[in-house]
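Hello,

Here is the structure we talked about handing over. My notes follow it.

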Amino acid sequence: MKIVYTDNNATTKVADEVIEEMLPYLGEFYGNPSSMHTFGDQVGKKIKEARQKVADLINADPEEIVFTSCGTESDNSAIFSAIHAFPDKKHIITSNVEHPAVKNLFMHLGKKQGYKITFVPVDKKGILDTDQLYKRMTEDTALVSLMWANNETGVLFPIEEIAQKTREKGILFHTDAVQAAGKVVIDVKKTDVDMLSLSGHKIHAPKGIGVLYIKNGLKFSPFLIGGHQEKGRRGGTENTVSIIGMGKACELAKKNLPVVNTAVRKLRDYLQNQLLEKIPSCSVNGDLNLRLPNTLSIGFDAVEGESILLMLDRYGICASSGSACTSGSLDPSHVLMAMGVPFKSAHGTIRFSLSHYNTPEEMDHIILALISVIEKLRAMSPFWKNGKLI
Amino acid sequence: MKEKTVTLNTSSSDAERKMLSDAGYADPAIKYYLEKKYMGHIENADQISEKIGSCGDTMKVYLKIDDNTIIEDVRYEITGCAGAISAAMAAVDLVKGKTLDEALLINDGHVFKALENIPEKKHHCIQLAVKTLHKGIEEFKTRQTV
Ligand SMILES: Cc1ncc(COP(=O)(O)O)c(C=O)c1O
């Protein structure tokens, strides 16, 4: 059966060009980039090239790029470094819709290290309450960490404006741009952030490679203390193969950015509008405009998300769900709850996240399949009678 | 990447079966889920009761009761996952033809045994299926005594 993959915010297909770029360094060129000999040094040169390509994607200088093992490590390194930089400040700020890589670390710092944590709320469209944010920034605030784009709804935060405010107040600012990369323009010369996280597997590089951008001149304490690699900012012999893949993926992401914002956006809008038109009682979660071009989070009343996914699987369709059943806890997604999405809609929420590999035919396949799946599930739902929600 | 044709006719319960099996559902549980043989409603039911589970899954049970004592038929309407659906279907097989009091003795353990296995995080679904059924029986009995 042909797979229709629309779960790109979870992970992406490694691009053929990326694999091709990596293979020689998995086999023939296994040298250590730190070695004196030419054999190792040629890997070193390739890493330098990759660093430049990553820098180019976000308009950074190559010295500002540090390779890590994943987006989570980048987030953790940035946050720990920021609090080490200001040991006397005991307040840190984030939002209540962050990825667990940030949210759970903040909870940990609050519980185990006595930090006062502010979780800035979002409104029902997922938009950050920036008034609250600015009001909460004080002399005692060491760090503000906010995601650029939300992984579940795709909603964007006004990172440029927030970066200005934090700069004015002398507070460090980190942004998790894992979902934003390759989908919106990131220019760190214009958007004055101190640190920014990326993850390879969301932009068609392999899993297990991340990047932390660290602004020139910023004092940084390493998370992994070891060798002199990454200019002492991250110990451990480089994951050469994945770094080289990440470089290629960033080059492709830059090239494909216009495609994602035109063709992919068009596919997403088509899918969204057709579903809204053809299936009664469903609604989109998150602001329709301030949103990633590839993401559609849509809630179907009177049905449960995991059972939708199971039935979509029969059609080869891969997506994800915000329901309590899927999360494995008793609560639906913390993002949807934070937005105040009504339970009956959150429980039946599906996220489709597209890439430039998707086609219009695939959208039609999803639309037809979903019409049938929702109809079947509603036929057995206690909340649905005679084509209507009760 | 370039494959343009996607046929809708690919619906296959094999894929679903494998997914459920990998997730930790045993064969009897998968069978109950796929067949959904007691899903739906009963036109002139003697009792209709509804319950919301701790996770938000919701079940409505329809009971047809013979001679005020024997459970003749049961149907469920469910907004819920495979765990909820399989548990409810298994519960019906355990109580059909039994007296109301016998049915009240059915517990989570019996249903789990009938399913053979479902993932641990779905065990609360069994609870919901049993509680909804018991609520229906209790409410029916209360109505008979007043
Ligand atoms: C917004 C966001 N931040 C961080 C991560 C974590 O990245 P990784 O899986 O590379 O650790 C993810 C991916 O799941 C994400 O979506």
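The centres of domain 1 and domain 2 of chain A, taken over C-alpha atoms, are 28 Å apart. Domain 1 of chain A covers 4-10 + 256-379, and domain 2 covers 16-253. These bounds come from an automatic or database domain assignment.

Before going further: this is a predicted model, where local features need pLDDT of at least 70, side-chain atom pairs count only at pLDDT 80 or more, and totals for chains, interfaces and linings use all residues. Residues are numbered from 1 along each chain as its sequence is written, while chains are lettered from A and ligands numbered from 1 in the order in which they are written.

Domain interface. In chain A, 21 residues of domain 1 are in contact with 23 residues of domain 2. Contact means that the C-beta atoms of two residues, placed from the backbone, lie within 7 Å. On the domain 1 side, helix H7 (240-278), strand E10 (295-300) and helix H10 (334-338) of chain A each give two or more residues. H7(A) has the largest share, three residues. Helices (H or I, at least four residues) and strands (E, at least two) are DSSP runs, numbered from the N terminus. By class, this side of domain 1 of chain A has eight nonpolar, ten polar and three charged residues. Ala, Val, Leu, Ile, Met, Phe, Trp, Tyr, Cys and Pro count as nonpolar, Asp, Glu, Lys and Arg as charged, and the others, Gly among them, as polar.

Chain interface. Chain A puts 31 residues in contact with 30 of chain B. Helix H8 (305-313), helix H9 (324-327) and helix H12 (360-379) of chain A each give two or more residues to the chain A side. The largest share, five residues, is from H12(A). That side of chain A has 17 nonpolar, seven polar and seven charged residues.

Helix H1 (residues 16-26) of chain A. A:Val18, A:Glu21, A:Met22 and A:Tyr25 are buried (20 or more other C-beta atoms within 10 Å of the residue's own, all placed from the backbone; exposed means 12 or fewer). Seen down the axis of H1(A), the directions to the C-beta atoms of these buried residues fall within an arc of 90 degrees, so they line one face of the helix. Their cover includes helix H2 (38-58) and H7 of chain A. The face turned away carries the exposed A:Asp16 and A:Glu20.

Best wishes
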